[in-house]
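Student: I have a structure here and want a quick tour. Can you walk me through it?
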Amino acid sequence: MKMKKACWIVCAGLLLYACHESPHTQITVWEGFDEEMRANGEGLAVDSFLAIPLQTDRRCLVESVKKIVPAGSLLVLVSEKDVLAFNRQGQFVRRFGHQGNGEGEYNRVSTAYWDEQTQTLNIVDGTRERILTYGADGRLLDTNYFRPGTFSLLNTAESLGGQRLFCSHYIYNDQNMAMSDFNLTDNTQDTVYRFPGQTDNTQEYTGRHPFATYKGRVTCVLPFDQHLYTYSPEERRLHPIMEVGTQQPLLTETQLEEMDDYGINRYAEEWMQGTFVGFTDVFETDGIYLLGFSNLYYAVANKATGRIAQYTYHVDKENITSLPLLNISATDEDGFLIGYEDAFEMKDWHFADSASGSLRAMQQSVSTLSDTDNPCLFFYKLGH
């Protein structure tokens with residue numbers, strides 16, 4: 001009788017465990033990736049599109065956009081030297097801090113992130129190992145210092161709430177922690193993902209935006225990996241939720257472990273040989289995942305249909321016939337993908353005579369720009 005009771009308890013426990021784990025074991029396979037790559041924007045369903053030229057004057061010259069941070073009604077453009085805020089109409093609103101070594105200044109901006117709970121913009125100065133916290137009005141509220149080396153390899157970060165950050169890092173030789181969960185209160189860092197290989201004495205990122213935060217969920221892509229993962233802050237673990245169906249050969253774990261020259265050149269070498277190289281960037285909206293690979297190609301995974309299609313990032317400047325996605329860098333709470341392009345890059349573009357709708361709106365905005373103007377922002381809401 002005792003044996004039967006023990007077996008029942010074990011079985012019940014296994015059943016509960018299985019139920020608990022089931023959301024993490026149901027992986028959706030997306031088909032269509034191996035079909036012929038399409039031109040940038042070709043056939044994409046665009047429900048809404050906005051082109052917003054940014055104000056240009058000596059107070060707000062944008063240089064080398066590193067990140068775009070939606071912060072309430074503001075759009076914050078981050079470079080290593082400046083953190084500039086514009087409104088949704090493209091007008092300059094304010095600067096957060098200044099480059100320098102004084103109070104409220106930063107030596108080098110590693111990244112910046114918006115904390116929704118506290119309504120603050122936080123700038124990480126990786127050189128001086130500190131985080132400067134500003135109110136939405138641009139006023140410095142706090143400065144927190146951290147031990148040496150804390151942010152030396154930081155690529156980007158987003159708030160998980162409750163004094164925790166989800167971070168991606170550059171890898172350097174055998175320092176290969178690519179993603180982590182960082183506790184700001186006690187200055188501790190849990191490794192979320194460690195790349196199996198290493199670099200050849202170079203500092204490399206696994207992507208400019210290798211994870212996305214959208215409506216409280218963190219999704220990630222990993223190097224040479226065909227899966228999309230979601231992060232569980234409670235378990236401190238990644239769980240696969242999507243798999244790209246492909247016939248391209250995949251690198252094995254052993255091959256990744258033996259890789260001693262990780263970087264863009266190794267990516268290019270494997271790509272030219274037909275190997276599946278995966279994605280370096282991910283963005284999420286209600287209807288789609290946008291998965292990018294550097295500046296070569298992107299793929300749109302439609303949540304409703306379970307299909308995924310590849311597009312080249314290249315733009316045929318002599319004859320633009322489809323609305324191209326350009327330098328996607330963020331999503332906002334309304335489900336728009338936010339991208340940009342430098343004004344001097346667009347001045348030589350020639351749009352098809354048949355341009356209409358969203359493409360016509362892009363053409364009209366480009367026609368107003370001069371070579372020295374600030375970049376133009378683009379908002380895309382793709383159809384489900």
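Student: Start with S64. Where does S64 lie?
Tutor: S64 lies in the loop between β2 (46–53) and β3 (67–71). Strands here are DSSP runs of E, at least two residues, and helices are runs of H or I, at least four residues; both are numbered from the N terminus. This is a predicted model, where local features need pLDDT of at least 70, side-chain atom pairs count only at pLDDT 80 or more, and totals for chains, interfaces and linings use all residues. Residues are numbered from 1 along each chain as its sequence is written, and side-chain values use heavy atoms, with hydrogens and water left out.

Student: Is S64 buried or exposed?
Tutor: S64 counts as exposed, at 61% relative accessibility. The cut-offs are under 20% relative accessible area for buried, over 50% for exposed, and partly exposed in between, with a 1.4 Å probe and protein chains only. S64 also has a positive phi of about 50°, although it is not a glycine.

Student: What about the phi of N187?
Tutor: N187 has a positive phi of about 60°, and it is not a glycine either. N187 sits in the loop between β16 and β17. This residue is buried, with a relative accessible area of 14%.

Student: New topic. How many residues are in the largest nonpolar core?
Tutor: The largest nonpolar core has 39 residues. M242, F279, L291 and I308 have the most contacts inside it. Such a core is a set of buried Ala, Val, Leu, Ile, Met, Phe, Trp, Tyr and Cys residues joined through side-chain atoms within 4.5 Å.

Student: Which strands each supply at least two residues of this core?
Tutor: They include β16 (177–183), β17 (188–194), β21 (227–232) and β24 (288–293). β22 (237–244) is also among them. β22 gives the most to this core, with four residues.

Student: And what does F279 touch?
Tutor: F279 touches F33, V221, L222, V244, L291, G292, Y297 and A299. That list leaves out residues up to four places away in sequence. Contact means heavy atoms within 4.5 Å.

Student: What lies apart from that core?
Tutor: Another core, of 31 residues. L44, L290, V300 and I320 are among them.

Student: Now E341. Which strand is E341 found in?
Tutor: E341 is in strand β28. E341 is buried, with a relative accessible area of 12%. Leaving aside neighbours within four places in sequence, E341 is in contact with L326, N327, M346, W349, P375, C376 and F378. E341 and L377 are 36 residues apart in sequence, and 6.9 Å apart in space, C-alpha to C-alpha.

Student: And E333, buried or exposed?
Tutor: E333 counts as exposed, at 68% relative accessibility. Its loop runs between β27 (330–331) and β28 (337–341). E333 and V29 are 304 residues apart in sequence and 27 Å apart in space, C-alpha to C-alpha.

Student: Zoom out. How many helices and strands?
Tutor: The protein has five helices and 29 strands. The radius of gyration is 22 Å, close to the 21 Å that the globule rule gives for 384 residues, so the protein is as compact as a globular protein of that length. The radius is taken over C-alpha atoms, and the rule is 2.2 Å times the number of residues to the power 0.38.

Student: What share of the residues is buried?
Tutor: Buried residues make up 53% of the 384 residues.
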